[in-house]
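Here is a short briefing for a reader new to this structure. Look at the sequence and the model first, then work through the points by topic.

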Amino acid sequence: MTARWLPATLLGVVAIVQVALAQGGGLTPWKGGGFGMFSTLDHAAYRDLDVVIDAPARSETLEIPASLEELAARAAAYPGDALLRQLAEGVVARERRYNRPVTRVTLSVWRTEFDPLTLAATEHPLRTFVYEAR
Amino acid sequence: MIQPSQDAGSESPAIRRSLDTIPRSPHAIDPLRLVAAQPARPSWLRSAAPSHLDTALRLTAIALLLRPMGQWFVRPAILGAAALLLISPRALRMPAIWLALAFAVAVRIADDWPLADNHIYLLAYWSLAIALSLRSAKPIATLGFNSRVLIGFAFACAVLWKALLAPDFLDGRFFRVTLLTDPRFGEASMLIGGLTADQLQANRGALEPLPHGAALLTPPAVVEPPRLRQLAALSTWGILVLETTVACLMLLPSRRRVPVFRHVMLLTFCLVTYAFAPVAGFGWLLLVMGAAQTEPHERWLQRLYVIAFLIVLFYAEVPWTGLLLDFSRSS
């Protein structure tokens, strides 16, 4: 009897966690196993992630390189501390591989919203994360 | 003298008499008791003959092969297991292989969390359900139950998001924007919605946001022909009604005509939705789960699910909206 319900129970538990993370943690409803796909415009195509690198005599925006694309996609889909820190550490490691100074990485996740009548699109900040490089 | 019988399966009265008269040793063991004393065979080995359950299992394996998933450390295992399931009837009914598949799919989900699509989660639950069902005393009934509950819960979640949690579905924004900006729906928007290619291009530009919350004083207008608005409204409410109906039917007790309506609505959902929605993997999985709910005598229904599986394959591999669009332009 218990085993019979195991798959459905797992589905229910994962879905409850997904709703909690989406409502309180910024997880896109399309992901995480809560079956919220095709329900909202809040998904990868309408999320943006900026990376700003600071160092003495340096402050510039980084175009996400191919090697960090997956990490960036994960962080944009769920801008929680762990994934944002992982991305920031990846950015720092990459900069140092190229012998470029970096003391701080600022990550900003943006979400596009559309006006209900005119559909005019505007970006709204979802999360900003500052990582101090040591 | 004992005459040989014409029918090898039946005993002549002479044979029966001769068997009854064979003197038995008091220490001899009754052959029937010997058979009964043997350990019970696992449920997955009891029936070696092909059954309708095998159709659902094989289609699951085919779906796994059609859309390879995961990194190098899970992909070969998933593809290898799927190939083994297809070529070996014995492997097809081994719970351990399905359990391993469920584990491999779970590893694939965890590896790049949260990027996996929802049907990958459903595939993991389904593989686990197959493993548990094959170990149970009633594999067909257990798998049918799991199929109904999994589809019912998944669709209930989808309805919850669309109807209550998402802020931009019921007011039509989701499909209005998606039909204009998602390249996978562009041809359908032109074919059914009546947009021209230039209008579609201009709309995509108009819907590009300026960076960091900036906004134009007079933003460009978005062109939405009445047919496109009707298509967006029909998609919004049609999907919601279909998903709600499927969720309710799957979770209702199997009384009277409920099972028939389940099949009708699930097949309708798959054949309508996956004509446009670019997630054939989800469609195949739902059809496989629907096939697992059929009764052994419902062969026509099982064939219908196989045909629907092939139609979704056709939808995914043939750019039919583009071809129709080209045809309508040329004529």
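A:Phe114 stands opposite A:Ala121 in strand E4 of chain A. The model is a predicted one.

**The hairpin in chain A**
- Strand E3 of chain A covers residues 104-114, and strand E4 of chain A covers residues 121-132.
- The two strands pair in the antiparallel sense. Their pairing runs over 11 bridges.
- Six residues lie between the strands of this hairpin. In it, A:Leu119 takes a positive phi near 70°.

**Where chain B meets chain A**
- On chain B, 54 residues are in contact with 50 residues of chain A.
- About 4500 Å² is buried between chain B and chain A. Carbon and sulfur atoms give 68% of that area.
- Within chain B, the residues that lose the most area to chain A are B:Trp113, B:Asn118 and B:Trp161. Together they make up 16% of what that side buries.

**Polar links between the chains**
- There are 17 residue pairs in polar contact between chain B and chain A, counting pairs with both residues at pLDDT 80 or more.
- Three helices of chain B each supply at least two residues of the side that touches chain A: H8 (118-135), H9 (139-165) and H10 (173-181).
- H9 of chain B gives the most to that side, with 12 residues.
- The side of chain B that touches chain A divides into 36 nonpolar, eight polar and 10 charged residues.

**The salt bridge**
- One salt bridge is counted between chain B and chain A.
- A:Lys31 forms a salt bridge with B:Asp117. Their closest N and O atoms are 2.7 Å apart.
- Over all chains, the count comes to 18 salt bridges.
- Why does the pair of A:Lys31 and B:Asp117 join two chains? A:Lys31 lies in the loop between helix H1 (2-25) and strand E1 (47-55) of chain A, and B:Asp117 lies in the loop between helix H7 (95-111) and H8 of chain B, so the pair joins two chains.

**A helix pair in chain B**
- H10 of chain B packs with helix H12 of chain B, residues 197-206, at an angle of about 115°. Their axes are 9 Å apart.
- From H10 of chain B come B:Leu179, B:Leu180 and B:Thr181. They meet B:Leu200, B:Asn203 and B:Arg204 in H12 of chain B.
- The residues of this contact divide into three nonpolar, two polar and one charged.

Methods:
Residues are numbered from 1 along each chain as its sequence is written. Chains are lettered from A and ligands numbered from 1 in the order in which they are written. This is a predicted model: local features need pLDDT of at least 70, side-chain atom pairs count only at pLDDT 80 or more; totals for chains, interfaces and linings use all residues. Side-chain values use heavy atoms; hydrogens and water are left out. Contact means heavy atoms within 4.5 Å. Buried area is the accessible area (1.4 Å probe) that two parts lose on being put together, summed over both. A salt bridge is a side-chain nitrogen of Lys or Arg within 4 Å of a carboxyl oxygen of Asp or Glu. A polar contact is a pair of N or O atoms within 3.5 Å; within protein, one must be able to donate a hydrogen and the other to accept it, and residues adjacent in sequence count only if both atoms are side-chain atoms. Helices (H or I, at least four residues) and strands (E, at least two) are DSSP runs, numbered from the N terminus. Ala, Val, Leu, Ile, Met, Phe, Trp, Tyr, Cys and Pro count as nonpolar, Asp, Glu, Lys and Arg as charged, and the others, Gly among them, as polar. Axes are lines fitted to C-alpha atoms, for helices over the stretch in contact, and angles run from 0 to 180 degrees between N-to-C directions. Two strands pair if DSSP finds at least two bridges between them.
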